[in-house]
Amino acid sequence: MTRRDPVEGGPVESSDDFGGVPDGMQRLWTPHRMVYIESGQEPERAHCPFCAQPGMNDDEGLIVARGEHAFVLMNLYPYNTGHLLVCPYRHIGTYDLATSQEILEIGTLTQTAMRVITEVMRVDGFNIGMNQGRLAGAGIPDHLHQHIVPRWSLDSNFLPIIAKTKALPQLLGEVRQSLADAWPS
Ligand SMILES: [Zn+2]
């Protein structure tokens, strides 16, 4: 839901406008959101985080890797540690609107992300996919994004069940840094 400035009528930037897909779960930490709140910067297209984040530096924008047509970023609302998103730079809503160059690079970035995650974290599996349209579960339906969710055999703990809360063992910024460091240049 976009909040409006009561005077200007334009969308108000908030941490919720950045980088991810809310899933109704609360997290035990919010330090990265504080960075955005304190920075007070107004991205050019604050209404679309996936258009705004490539304009930031990697650390600020939670960007892991940049390709020519697509880029990789941390999901601000991770289902699991190391939950990445692969987005085309172009503001397109669905996969059928992607060019063959974008499809190719989303695919190769996804492969590289799997290899890097596997190298950095010892994963047992992945969930990969695109939700298209709000009806299908896309949190930001206007800008195509592919989820890469690493899975561990022990990653289901009791917290989501009893408290709708996920305990994430590493902060987003730290995970971003370790994945970016391991990304092949
Ligand atoms: Zn966009």
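1. UniProt positions are given here in the numbering of this chain, with shortened feature names, and such annotations may be inferred rather than shown by experiment. With that caution, the unreviewed UniProt entry marks His145 as "active site". The model is predicted, so local features need pLDDT of at least 70 and side-chain atom pairs count only at pLDDT 80 or more, while totals for chains, interfaces and linings use all residues. Residues are numbered from 1 along each chain as its sequence is written.

2. The chain has 6 helices and 7 strands, taken as DSSP runs numbered from the N terminus (H or I, at least four residues, for helices; E, at least two, for strands). Their order along the sequence is β-α-α-α-β-β-β-α-β-β-α-β-α. Of the 185 residues, 29% count as buried, that is, with 20 or more other C-beta atoms within 10 Å of their own, whereas exposed means 12 or fewer and partly exposed lies in between, with C-beta atoms placed from the backbone.

3. For H4, 21 residues at 1.5 Å a residue should span 30 Å, and its end C-alpha atoms are 30 Å apart, which agrees; the expected span is 1.5 Å times one less than the number of residues. Its buried residues fall within an arc of 100° seen down the axis, so they line one face of the helix, the arc being that of the directions from the helix axis to the C-beta atoms. These residues, including Ile106, Leu109 and Val116, pack against S2, S3, S4, S6 and H6, while the face turned away from them carries exposed Ser100, Gln111 and Arg115.

4. His145 is found in the loop between S5 (125–129) and S6, and counts as buried because 25 C-beta neighbours lie inside 10 Å. Leaving aside neighbours within four places in sequence, His145 is in contact (C-beta atoms, placed from the backbone, within 7 Å) with Phe50, Leu85, Val86, Cys87, Met130 and Ile140.

5. The unreviewed UniProt entry also places "binding site" at Asn75 and His147, which are spread over 73 residues of sequence yet cluster in space, with a largest C-alpha distance of 8.4 Å. Asn75 lies in the loop between S3 and S4, and His147 in strand S6.

Definitions and conventions: Contact = placed C-beta atoms within 7 Å.
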